[in-house]
Protein chains: 4
Amino acid sequence: MTLNIGLIGCGGIGQEHARRLQFTLNGARVVAINDLHRDAAVAFADKAQIPATFYDSADALIQAPEVQAVVVASWGPAHEEQVLACIAAGKPVFCEKPLAVTAEGARRIVEAEMKHGKNLVQVGFMRRYDAGYRALKAALDAGTVGDALLVHAAHRNPAVPEMYVGDMNITDTFIHEIDVFRWLLNDEYTSVQVIEGRKTRHAHAGLHDPVTILLETRQGIRIDTEIFVACRFGYDIQCHVVGETGVASLPEPLTVPLRSNARQGSGILMDWKLRFIESYDVELQDWINATVQGKVRGPDAWDGYVASVTAEACIEARKSKQITPINLPERPAFYA
Amino acid sequence: MTLNIGLIGCGGIGQEHARRLQFTLNGARVVAINDLHRDAAVAFADKAQIPATFYDSADALIQAPEVQAVVVASWGPAHEEQVLACIAAGKPVFCEKPLAVTAEGARRIVEAEMKHGKNLVQVGFMRRYDAGYRALKAALDAGTVGDALLVHAAHRNPAVPEMYVGDMNITDTFIHEIDVFRWLLNDEYTSVQVIEGRKTRHAHAGLHDPVTILLETRQGIRIDTEIFVACRFGYDIQCHVVGETGVASLPEPLTVPLRSNARQGSGILMDWKLRFIESYDVELQDWINATVQGKVRGPDAWDGYVASVTAEACIEARKSKQITPINLPERPAFYA
Amino acid sequence: MTLNIGLIGCGGIGQEHARRLQFTLNGARVVAINDLHRDAAVAFADKAQIPATFYDSADALIQAPEVQAVVVASWGPAHEEQVLACIAAGKPVFCEKPLAVTAEGARRIVEAEMKHGKNLVQVGFMRRYDAGYRALKAALDAGTVGDALLVHAAHRNPAVPEMYVGDMNITDTFIHEIDVFRWLLNDEYTSVQVIEGRKTRHAHAGLHDPVTILLETRQGIRIDTEIFVACRFGYDIQCHVVGETGVASLPEPLTVPLRSNARQGSGILMDWKLRFIESYDVELQDWINATVQGKVRGPDAWDGYVASVTAEACIEARKSKQITPINLPERPAFYA
Amino acid sequence: MTLNIGLIGCGGIGQEHARRLQFTLNGARVVAINDLHRDAAVAFADKAQIPATFYDSADALIQAPEVQAVVVASWGPAHEEQVLACIAAGKPVFCEKPLAVTAEGARRIVEAEMKHGKNLVQVGFMRRYDAGYRALKAALDAGTVGDALLVHAAHRNPAVPEMYVGDMNITDTFIHEIDVFRWLLNDEYTSVQVIEGRKTRHAHAGLHDPVTILLETRQGIRIDTEIFVACRFGYDIQCHVVGETGVASLPEPLTVPLRSNARQGSGILMDWKLRFIESYDVELQDWINATVQGKVRGPDAWDGYVASVTAEACIEARKSKQITPINLPERPAFYA
């Protein structure tokens, strides 16, 4: 069978998802689209040769009988309402991050889904589908380095635009680490500390960069992450898990080893879009396959909620300069 | 549109291709199958949930009106006849290597295809679709290390079965290097020398292992390749291109870097099937897309012919212990 | 000229120093020895063919007219008194770490030396003489990665004996990082935080292992160091300096790269003695050469004092679980 | 005791040896010097503060009663006569490579030394003292990768001067590989083939560069070495030994790993003088210690002779483009 998909939001990431659903992945097609900008969306679909119906509202698209599942790629503030509408319609939905712009909003989605009684929501944390993180998790789960004790991580960007300010290194950047570490470690966070040290001259005025974020988990694992978004030299994602008998690390992305100009080594990506581009394919193919089977197999609404709660605690910790507790309710059996 | 494919040969590689065409790739489905063993083939299709019609002969499958394109995954000696039948029927065909078991047979396919007047044949040299080789070729084509002068390569297997004897390290193993180096370097071979040195105690009686094969190209590039199929330690494909200003190398496959047991480093695959598994997906997706457009974009019948001629020269060079010329006609304009 | 050296303490490190002074280095000889165990010391000198006079007391050795410079390799609690005696005698002294077992004791040495009016004391922080740290410092001083912002470090031992307990991971282990980072960064510490996370099952009862220690410097550089002395897999010293334009790291020690047993990579030392063994030669040769010139060129009494003050702040920080200030007086001009 | 050394030849390498003997190494001093240019030699000794007597002839220096051992660092054509004079005088001699400019000349030294009846001659093949080669040899001798089957090597220089022409890539460059591989493998050569392939545009007119040299040993080990002296990117010495169970490689020299400018990796030396500088210290210290014990422990006259015979076979092989036998007499028991 072919899964009929309705796409809400035809901007950059929406267009990429439309193309991969239609022309790269197996078992799905885009039958309906919606966007705030009708003309641009219709022009895109024409040019890309995707014969989808345009709907004037997200809600109309969600209600359309031919739409069997929904991909939400609109801007963040619209996510909560659109996901709630999908739940109300009983339709599976893949929602790009964030699930909602507040923990409270994410909580409402969790409650609506539980009330509905069936898992429908997946959140777009694509790192869980990255071949490198998967290999690392497999090694950890196999006990290759024993129980995890410490994690040393870094999330580095060469530069960020002027509009990237304030807490965005938490809400837009560190949010990926928040999701991926608890998945990697099968653990939950209990506290966070944010350290703002010496600022690079290459960061603009509205941003303190770099920062170091320290997370503690229920098992006592300590995670230190360097967030450095004006590091100049590359988009560089590091993750080293120190276990009782060794250290396992996230593999570097594949690049051509060179010996030239008095140096040897390999490349570091400069464009973040290239780092996880393959994981989007894996993520959405897995979502299609699970959806056809009536399941949610990826990061769910509860994961989206936990990410929001943690990000809010990080922001508070930055302001207070204190070790700040992260208070999470127990994961409901519904999401087990 | 969806391309309707007939599959000839439902053994190991045939089954893998069937699954990826049906459930992984975009734009194709398997509608017909043929195999010497009817019951096993039908049982496979049932279990895999591929609703394809079984045909009693390769020829009947090729002729079947619903079959738009053919994948040949039968045993080698059958390839020539089946590919010729596809050409006669005017149907695009993807043929696993070898195109034919002799250079003469490959020559007959080339002549038939040219007489037919339209490109129809692609040969399954999947390394051209490997992300590592593609990145290496891109670096070379971009002039990253200047003009190529030398290539140092190795093709290592941990072990081979007892039935792997004689010239199989050329016809089954080195054949991949034969195809990929001329593609990588945009060049053609002019001579070959085969050196049999000290034999490992881990090779069985019917095989001289390792051997070193030296190729020369029209541009004077010298390629040395170590073929070592009982190397014990891993499936290890090495390719280092020395250019006028540096050395560019084939990336190692992605594995988890570890520090443990007094060693640091990463893994080497033990199973050759894993090394190029992703390249099969890329290869067949590209073949589907090109076929729908009426084109052949991958390695064609001429490439298959050149590989056969070169392999035969290698075998002669091994016997004679002499530097042996490789005499190739000019590439016909038809294959330009 | 040949520098005549008196050696106090003929245990493990004392014997090694005696041999290198006598048989490896240039321009010195051991003419006098002292130890609590006369017979063992004399037997050692005989066997090693070092024709040195045994003195019954450290003081007698220091006073001996033929002794031009002193090496103190006795146990820690004796260092302060012996170094003070050297200063009183106006003789250059190389003192193994610690300079004194308390910051107060180190302070007394600093004051005595300043009162004496001439630099005489060098402390045995050998890492400053390690080829790797020197190359790293040269790269940093050359601006290779711009101004330093963060340091990520680790000090890992495979195991420690039962007698290694309590604060010894600070006083015996982290003490090396304390000295080497301020030298590497040309900076001074202002605060410290010690984090005790999940304890490895391989640590014995009297030790919390691993711990993470966070240092802050006057320039705002943040240093995180993992101290993990029961890590099992190797003696592994890591130091990565994140600057405004890149990351520069401590080189790994030279080992033979191997491809074997499905892994590729190089070795990690298991024996800490091998890691810095060459730096002892460089350190003592430099001390000999500077002493002959009437200078102290290596880590001086002030450096020893700062290390003691910092270590005491680390111990306090561990107890209090608070960010603890490190209060250092300004470096006296005498030590500029 | 202190070994009194006479130095013949006070050019670049002679001056370096003088300084290390006098100021770096243990147990020796330079008491006599000779050079074609008296004034320059005397000025050097004065400036370096080496109180050595100048002798007007090499022979006078060799005869001088205070000279206990001789270092020959004159130009190559003078070596044979000077070494023969040392043998005649019964004095130990360390001779920089080449031992003689012809195999015939080296043969005369071997014969003279055997007639004299005591080992006196060491040849300056310093690679045997390089920490990397020593670690590699230790790994091979320990059976880490089983019996050696193949060696892949490279000797790359960024550039060579105009006066470097013709066979100098054999006599001045490959000569080091000739000596070090037979030591590394405990084996002797039986044949050689030289392949001149595509020439780099960066080589000047008088030189074919790069070339590949293939050596075969008595055990059947096959060694391929790329000699590429205008490679532009660095002074890069590679040696990979393929054994029955793995590959062991020469370690890269220690440099600072960097992540910067979209690349990660470490440095390659540009100056060949830095690559083996430490091995000169180890080599001469070992020579001093062995000489004091009345022994020759390093590469001896026979090794120098074998290197000459092999180099001459390489030159012949290059001219003839044939696989050329290397005919060596059995090593005399005297040199066992």
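This is a predicted model: local features need pLDDT of at least 70, side-chain atom pairs count only at pLDDT 80 or more; totals for chains, interfaces and linings use all residues.
Trainee: What makes the pair C:Asp147 and A:Arg198 a salt bridge?

Mentor: The side chains of these two residues meet at 3.6 Å, N to O. A salt bridge requires a side-chain nitrogen of Lys or Arg within 4 Å of a carboxyl oxygen of Asp or Glu, so the pair qualifies. Between chain A and chain C the count is six salt bridges.

Trainee: How many salt bridges are found between chain B and chain A?

Mentor: Zero salt bridges are found across that interface. On the side of chain B that touches chain A, the residues divide into 16 nonpolar, eleven polar and one charged.

Trainee: By class, which residues does the side of chain A that touches chain C have?

Mentor: That side has 14 nonpolar, eleven polar and eleven charged residues. The interface of chain A and chain C holds 15 residue pairs in polar contact, both at pLDDT 80 or more.

Trainee: How much area is buried at each of the two interfaces?

Mentor: Between chain A and chain C about 2800 Å² is buried, and carbon and sulfur atoms give 52% of this. In chain A, the residues that lose the most area to chain C are A:Leu149, A:Arg198 and A:Glu244, together 25% of what that side buries. Between chain B and chain A the buried area is about 1800 Å², with 62% from carbon and sulfur atoms. In chain B, B:Asn26, B:Leu254 and B:Val256 lose the most area to chain A, together 29% of what that side buries.

Trainee: Why are β13 of chain A and β12(B) called paired strands?

Mentor: Three bridges join β13 (residues 258–260) of chain A to β12(B). Pairing requires at least two bridges, so these strands pair. They run antiparallel, and in β12(B) the bridge partner of A:Ser260 is B:Gly246.

Trainee: How do you know that β1 and β4 of chain D pair?

Mentor: Strand β1 (residues 3–8) and strand β4 (residues 69–72) of chain D share four bridges in the parallel sense. The requirement is at least two, and therefore they count as a pair. One of the contacts joins D:Leu7 to its bridge partner in β4(D), D:Val71.

Trainee: What makes β3 and β6 of chain D edge strands?

Mentor: The open sheet of six strands in chain D has the order β3-β2-β1-β4-β5-β6, with parallel pairing. Strands β3 (53–54) and β6 (121–123) each pair on one side only, and are thus its edge strands.

Key:
Residues are numbered from 1 along each chain as its sequence is written. Chains are lettered from A and ligands numbered from 1 in the order in which they are written. Side-chain values use heavy atoms; hydrogens and water are left out. Buried area is the accessible area (1.4 Å probe) that two parts lose on being put together, summed over both. Ala, Val, Leu, Ile, Met, Phe, Trp, Tyr, Cys and Pro count as nonpolar, Asp, Glu, Lys and Arg as charged, and the others, Gly among them, as polar. A polar contact is a pair of N or O atoms within 3.5 Å; within protein, one must be able to donate a hydrogen and the other to accept it, and residues adjacent in sequence count only if both atoms are side-chain atoms.
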